[in-house]
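User: I've got a protein model open and I'd like to learn how to read it. Can you walk me through it?

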Amino acid sequence: MKVLIIGASGYIGSNLKKHFEKKGIEVIGTTFPEKIEGLKFFNSVDSDFKDLDIDLKEIKYAIICSGISNINECKMNSEMAYKINVSGNKKIIQQCFKYGIVPVFLSSDAVFDGLKGNYTELDETNPCNEYGKHKKAIEDYLIKSKEEYIITRLSKVFGTKPKDGTFITSLVSQLKEGKVLNCAIDQIFCPVHIEDLVNLFYLACEKNLRGLYNFCSTESFSRYELANLLKSGLDIKQGKIVKCLIKDINSLDCLPQNISMRSDKIIDALEYKFSKMSDHIKEIKIKIELY
Ligand SMILES: NC(=O)c1ccc[n+]([C@@H]2O[C@H](COP(=O)([O-])OP(=O)(O)OC[C@H]3O[C@@H](n4cnc5c(N)ncnc54)[C@H](OP(=O)(O)O)[C@@H]3O)[C@@H](O)[C@H]2O)c1
């Protein structure tokens, strides 16, 4: 099995490449706009799979990690973001179907309006921001295609490596710096650890899963709860956590409230056991001085 990862220079794409290669899978990774050693240059807006100069018949899956993932950027530069997130990804998917490659699309819990929570794969999608609308557009495009595909609907992804720039480690650093953190009590989500995520992608490909799956942990939190769990669990004396509502958070576009999702379907399909936030807090505590 050979795998193509579009956007292998990004946070998730680079971790996926490392994990699949560790599992002995040959990966062709792409980058844009930077030129990066070991990655092929590929712009989802106008590049063609033929430009990759690889034997496309050997590629089984194309994991589409490419895109503008910042909600404000999708609102501010909506035309550019639409070109990459919708037109560009549709072009990638059309080429997958043309060459018999199974597209694996990274969607998001932002496809939901956040009025209900505990969303399953059967719940109706109704995004409240541009980013979510882009994800829904590609989900609907794949579902209507009747072709083979995997849609993975991700919740917020976090790591526990010091200074990895993800939201849990940055909460810890900010608290240690004595910062005041405004944390919403009403935005609920099921953050997923990057190691669980790369495992799920590998197992889903290896077991030839097809269809739509929520890729999120089994634990739901508000950012306020998480910040307090970190402060008390890591015994951080500095910093202050202030309650607020998600509508008070400075954002150019709507931020949905309760976007927690159920992950029963992928747990049953892979007999997978997700890691616990409490374990990650213990892991951070051991080397807290590095954060
Ligand atoms: N991280 C999360 O918590 C999360 C949650 C839900 C869904 N997702 C989705 O998962 C995917 C990966 O997220 P991420 O956090 O890894 O984002 P990221 O770090 O921003 O990675 C995005 C990747 O897309 C590439 N890219 C940007 N414009 C491109 C273009 N025109 N053509 C080809 N590639 C392009 C970027 O290349 P450069 O790095 O060279 O710019 C980068 O490799 C995104 O679709 C995101 O919406 C992420």
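User: How far apart do the C-alpha centres of domain 1 and domain 2 lie?

Analyst: Keep in mind that this is a predicted model. In it, the C-alpha centres of domain 1 and domain 2 are 26 Å apart. The domain assignment gives domain 1 as 2-157 + 191-215, and domain 2 as 160-188 + 219-260 + 275-290.

User: Okay, and how do I read the interface: what area do domain 1 and domain 2 bury between them?

Analyst: Here's the general idea: an interface's size is often given as the accessible area lost when the parts come together. In this case, domain 1 and domain 2 bury about 1,800 Å² between them, with 56% of it on carbon and sulfur atoms. On domain 1's side, Cys128, Pro191 and His193 supply 26% of the area buried against domain 2, more than any other three residues. As for contacts, 21 residues of domain 1 touch 21 residues of domain 2.

User: Which protein atoms lie 2.8 Å and 2.4 Å from a ligand oxygen?

Analyst: For polar contacts, look for N or O pairs within 3.5 Å. An N or O atom in the side chain of serine 9 is 2.8 Å from a ligand oxygen, while a polar backbone atom of phenylalanine 32 is 2.4 Å from a ligand oxygen. Overall, the ligand taken alone exposes 880 Å², and the protein buries 84% of that.

Definitions and conventions: Residues are numbered from 1 along each chain as its sequence is written. This is a predicted model: local features need pLDDT of at least 70, side-chain atom pairs count only at pLDDT 80 or more; totals for chains, interfaces and linings use all residues. Side-chain values use heavy atoms; hydrogens and water are left out. A polar contact is a pair of N or O atoms within 3.5 Å; within protein, one must be able to donate a hydrogen and the other to accept it, and residues adjacent in sequence count only if both atoms are side-chain atoms. Accessible areas come from the Shrake-Rupley method with a 1.4 Å probe; for residues, only the protein chains shown count as cover. Domain bounds come from an automatic or database domain assignment. Contact means heavy atoms within 4.5 Å. Buried area is the accessible area (1.4 Å probe) that two parts lose on being put together, summed over both.
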